[in-house]
Amino acid sequence: MPEPYRKTLVRQVSQHAHSEIIGMQPEGNWISRAPSLKRKAILMAKVQDEAGHGLYLYSAAETLGTPRDEMFDQLYTGRAKYSSIFNYPARTWADVGAIGWLVDGAAITNQVPLCRASYGPYGRAMVRVCKEESFHQRQGWEILYTLSHGTEEQHQMAQDAVDRFYGPALQMFGPPDSDSPNSGQSMAWNIKRFSNDELRQRFVDMIVPQAEALGLTLPDPDLQWNEERGHYDFGELDWDEFFSVLKGNGPLSRQRLEHYRRARDEGAWVREAAAAYAGRQHQEQAALAGA
Amino acid sequence: MSFASHDSATRQSQGEAITPEEIASSDAVADEATARYAMILGDDALMLSQRLSSWISRAPELEEDVALANIALDLLGHARFLLTYAGTAWGKTEDDLAYFRDEEEFRSCRLVEQENGDFGRTIARQLIFSTYQHQLYSRLVHSTDPTLAAIADKALKEVQYHQDHAAQWTLRLGLGTEESSRRIQDGLDSLWSYVEELFLDVDPIPALGDVAVLPSSLREDTLHRLREAIEAAGLTVPEMSGAYGSDRTGRFSEQRGYILAEMQVLARQHPGATW
């Protein structure tokens with residue numbers, strides 16, 4: 001396997017894994033306050049799925065020779081990137097819906113083509129991830145639908161969440177093609193199959209009718225159907241915001257990383273104990289076998 | 001056609017198990033005393049689920065994020081069955097009972113309300129409570145109340161895993177390093193005075209006969225199994241008497257108010273709303 005291909009894949013797969021792990025935080029922060037027991041159960045299962053996605057993806061990256069602890073360390077020290085969207089706060093219950101509908105929706109648009117990526121273990125992990133993600137997107141849509149058709153306050157909560165997440169969700173596809181240096185190579189290697197702008201357009205075309213069905217407005221005055229192109233036109237995104245968040249200045253960039261570090265630090269003694277115990281078990285078994 | 005034959009890791013299957021919605025729409029209506037009993041069991045499960053779920057994204061290892069989430073999810077499922085069934089006595093839903101009761105109306109024991117502390121303390125609490133619950137549900141499957149028996153049947157399979165998870169971690173921590181052994185021992189010591197409350201025959205249980213399981217009847221086997229698990233891990237069974245106030249009323253607990261304040265806040269901001 002050519003070294004640059006391996007390196008690019010490890011970077012992409014581990015970034016995706018890190019995004020799943022950091023992505024547990026914004027929604028996880030609503031588990032304790034979910035407004036019904038059924039919603040609480042669904043949300044808990046969803047955040048648990050994200051931990052599971054992290055596990056498959058780290059495993060896929062390990063098949064390329066990078067140990068999991070090394071990837072954890074890259075995230076811990078802030079050298080690794082993860083999706084910037086998770087540096088935004090989940091302030092209200094409706095944000096849980098908006099994350100499911102828009103953030104998971106954008107993720108699926110990105111990920112479905114990756115099920116056919118040239119590296120098998122990654123593609124196969126993505127098949128399972130996408131199945132669960134499409135369930136997540138539907139649950140987000142359903143949260144927003146219920147809120148949008150609930151009380152006036154609930155409707156407002158849903159609209160406010162969509163207003164805040166729409167732009168950052170569209171930016172999840174990355175910078176415009178004209179400003180995306182690595183894309184061409186990844187497409188040549190069939191790791192990435194469509195360009196950032198192609199995927200973003202596909203996503204916008206998908207969510208416009210969905211927003212209408214929700215009874216919510218997408219916060220873009222330039223959004224309109226273009227008969228000639230057969231696609232929706234949409235306004236320029238705030239790329240200054242994007243690059244600023246990407247550089248680590250997101251509203252919660254520091255908190256997300258601190259949360260992760262605290263969990264790793266506080267769990268260190270547990271991992272040491274588990275390793276010591278496993279080592280001793282192994283020795284005892286070896287001694288028994290030798291006796 | 002059996003759902004079970006189509007089970008796979010990627011496919012959701014309902015299996016043969018009952019669901020809270022089925023209980024709500026069935027003809028089963030709990031009488032007052034049975035409902036109060038179901039509420040005791042349901043409140044324990046709900047409080048522990050609430051506590052455990054805050055480990056998600058904070059666990060020592062990714063596999064434990066998954067495991068603790070899974071246990072919390074199982075317990076939440078048990079709580080939903082039990083509170084749904086309890087609610088049938090008063091025309092209330094699971095959410096009425098979970099979100100719109102005040103502190104003094106809950107009947108959870110203090111053990112499940114205790115703060116998570118470190119992983120050692122959480123595992124100590126899991127070991128105690130899952131061992132108790134395993135004993136409880138393995139008897140409640142014989143309840144003369146068919147709904148409680150069906151709930152126990154489903155819960156028992158899950159609680160077996162919880163007990164195994166806790167016992168395995170007790171071994172790892174007890175026999176791992178000096179620090180881990182000290183931490184889980186501290187956890188056991190800090191919680192042990194709440195163990196006796198599990199075995200108190202509070203109202204209305206003694207009057208329920210074969211519908212319920214008398215908590216005092218679980219004491220000997222539960223303590224025996226706990227002793228085995230604790231000693232196998234090179235740890236010491238704490239010797240201390242039960243903390244005063246073992247009546248599940250909440251009058252002797254500071255934790256319950258904090259748990260409810262967080263759990264109920266959004267639902268209470270929007271009374272009458274659907275979610």
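Okay, let's start with B:Val202, which is found in the loop between H8 and H9 of chain B. Helices here are DSSP runs of H or I with at least four residues, strands are runs of E with at least two, and both are numbered from the N terminus. Quick housekeeping: this is a predicted model, so local features need pLDDT of at least 70 and side-chain atom pairs count only at pLDDT 80 or more, while totals for chains, interfaces and linings use all residues. Residues are numbered from 1 along each chain as its sequence is written, chains are lettered from A and ligands numbered from 1 in the order in which they are written, and side-chain values use heavy atoms, with hydrogens and water left out.

Is B:Val202 buried or exposed? B:Val202 is buried, because its relative accessible area is 11%; buried means under 20%, exposed over 50%, and partly exposed in between, with a 1.4 Å probe and protein chains only. Leaving out neighbours within four places in sequence, B:Val202 is in contact with B:Ile40, B:Ser246, B:Asp247 and B:Arg248, where contact means heavy atoms within 4.5 Å.

B:Tyr37 deserves a stop of its own. Not counting residues up to four places away in sequence, B:Tyr37 touches B:Leu136, B:Leu140, B:Leu148, B:Pro204, B:Ile205, B:Leu208, B:Val211, B:Ala212 and B:Val213. B:Tyr37 and A:Trp93 are also the residues with the most contacts inside the largest nonpolar core, which has 168 residues. A nonpolar core is a set of buried Ala, Val, Leu, Ile, Met, Phe, Trp, Tyr and Cys residues joined through side-chain atoms within 4.5 Å.

The peptide bond from B:Asp203 to B:Pro204 is cis, with omega near 0°. For context, most residues other than glycine have a negative phi, and most peptide bonds are trans.

Now the holes. How many cavities of 30 Å³ or more does the structure hold? There are two. On a 1 Å grid over the protein atoms alone, a cavity is a set of points where a 1.4 Å probe fits but cannot get out, a pocket is an open set with protein on both sides within 12 Å along at least five of seven lines, and lining residues have an atom within 4 Å of a point. Points are joined across faces, edges and corners, and a volume is the space filled by probe spheres set on the points.

The second largest cavity has about 60 Å³ of space, and B:Tyr37 and B:Val202 are among its lining residues. H2(B) gives the largest share of that lining, three residues. By class, the lining has 10 nonpolar, no polar and one charged residues; Ala, Val, Leu, Ile, Met, Phe, Trp, Tyr, Cys and Pro count as nonpolar, Asp, Glu, Lys and Arg as charged, and the others, Gly among them, as polar.

The largest cavity has a volume of about 170 Å³. Of its 16 lining residues, the closest to the centre are A:Ile21, A:Tyr260, B:Ser57, B:Ala59 and B:Asp65. H1 and helix H10 (253–290) of chain A, together with H3 of chain B, each supply at least two lining residues. This lining divides into nine nonpolar, three polar and four charged residues.

Notice B:Ser57 in that list. B:Ser57 lies in the loop between helix H2 (32–53) and H3 of chain B, and its phi is positive, about 85°, although it is not a glycine. B:Ser57 counts as buried because its relative accessibility is 12%. Another positive phi turns up at A:Asn190, near 60°, in the loop between H7 and H8 of chain A. A:Asn190 is partly exposed, since its relative accessible area is 32%.

On to the second largest pocket, with a volume of about 1,200 Å³. Of the 47 residues that line it, A:Gln15, A:Asn110, A:Met172, A:Phe173 and A:Gly174 are the closest to its centre. H1(A) gives the most to this lining, with nine residues, and by class the lining has 21 nonpolar, 17 polar and nine charged residues.

Last one: A:Gln201, in helix H8 of chain A. Its side chain makes a polar contact with that of A:Arg229 (3.2 Å). A polar contact is a pair of N or O atoms within 3.5 Å; within protein, one must be able to donate a hydrogen and the other to accept it, and residues adjacent in sequence count only if both atoms are side-chain atoms.
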